[in-house]
Amino acid sequence: MLIKTLPSLNLMGVCLAPLALAYPSAEGSSDSNLLFKRAGTTAQLGDYTGSTSSYPDGSGTYVDSKDQGTYASGVKCWTDIFYVTNEYQAQAWTPMKENTIDCARTSTCASNSQDAVQNCGSWSITWGNEIEVDIIEKIGLELQENIDNTWLKSKCVTATVLNTCTWDDKLCHALWTSSVGQVFDGYIRRRCSGGRSGITSQPDYTAWSKDYSWTQPSPQTRLGCGALCDETTYPEPVPSVGST
């Protein structure tokens with residue numbers, strides 16, 4: 001608690017004693033600003049002061065809490081993790097490495113049936129492997145299913161291509177891929193106790209909240225056959241989930 005003393009005042013011959021004002025500050029910190037500037041207490045999940053989740057506060061499934069902190073004022077804060085939903089989504093077209101086939105220079109104008117690509121997972125917020133694995137495992141427990149998290153060690157898996165391409169022209173063709181990833185969505189929120197006012201406990205409140213998502217990489221991918229070698233974007237829309 002930081003105590004700030006104002007100078008004494010003399011009003012109409014009456015001298016008023018110095019006035020002391022108290023400000024909440026983080027335990028072990030000299031920070032005299034408001035509670036939202038809390039250095040060191042959000043080391044695991046981060047501080048997103050000013051952010052508001054797109055999901056209603058308290059909605060979804062509670063997963064875990066981290067970054068607990070207690071302040072000299074008695075106010076306690078922690079960060080809750082909520083899981084909301086997941087769905088399979090078709091990912092954007094991505095050019096394959098060494099992806100060109102010039103049908104004017106080869107007698108076999110087709111893709112290799114043994115082609116494989118690297119599919120990589122991604123997080124909208126980077127928390128590090130240990131925390132990310134922990135969150136995935138706990139969401140899996142809530143869903144009562146085993147979510148494969150082995151890909152987190154390398155962030156990627158080797159995906160099998162489901163289809164092949166064959167052309168009957170003399171043009172140069174480029175191979176692109178589009179995978180189907182399982183996307184998990186949720187949010188984190190910074191929750192604080194209101195402390196006490198006199199003998200009355202104040203209700204808990206949410207200081208901020210932020211959406212997160214992670215995409216689990218698929219072990220399979222779809223091959224796009226419609227691009228020529230000089231095209232920098234794929235000329236067709238992303239195929240729907242379930243199509244090849």
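Me: Is serine 178 buried or exposed?

Reply: Buried means under 20% relative accessible area, exposed over 50%, partly exposed in between (1.4 Å probe, protein chains only). Serine 178 has 0% relative accessibility, so it counts as buried. This is a predicted model: local features need pLDDT of at least 70, side-chain atom pairs count only at pLDDT 80 or more, and totals for chains, interfaces and linings use all residues. Residues are numbered from 1 along each chain as its sequence is written, and side-chain values use heavy atoms, leaving out hydrogens and water.

Me: What does serine 178 touch?

Reply: Contact means heavy atoms within 4.5 Å. Not counting residues up to four places away in sequence, serine 178 touches Gln91, Ala92, Trp93, Thr221, Arg222, Val238 and Pro239.

Me: How do I read a nonpolar core?

Reply: In soluble globular proteins, nonpolar side chains tend to be buried together. A nonpolar core is a set of buried Ala, Val, Leu, Ile, Met, Phe, Trp, Tyr and Cys residues joined through side-chain atoms within 4.5 Å. The largest one here has 16 residues. Ile81, Trp123, Trp127, Ile135, Ile139, Ile188 and Tyr212 touch the most other members.

Me: Which element gives the most to this core?

Reply: Helices (H or I, at least four residues) and strands (E, at least two) are DSSP runs, numbered from the N terminus. α1 gives the most, with 4 residues. Another core, of 11 residues, lies apart; Cys109 and Trp167 are among them.

Me: What is the mean pLDDT of the protein chain?

Reply: pLDDT is the predictor's confidence in each residue, from 0 to 100. The mean is 78. Over residues 1-40 the pLDDT is below 50.
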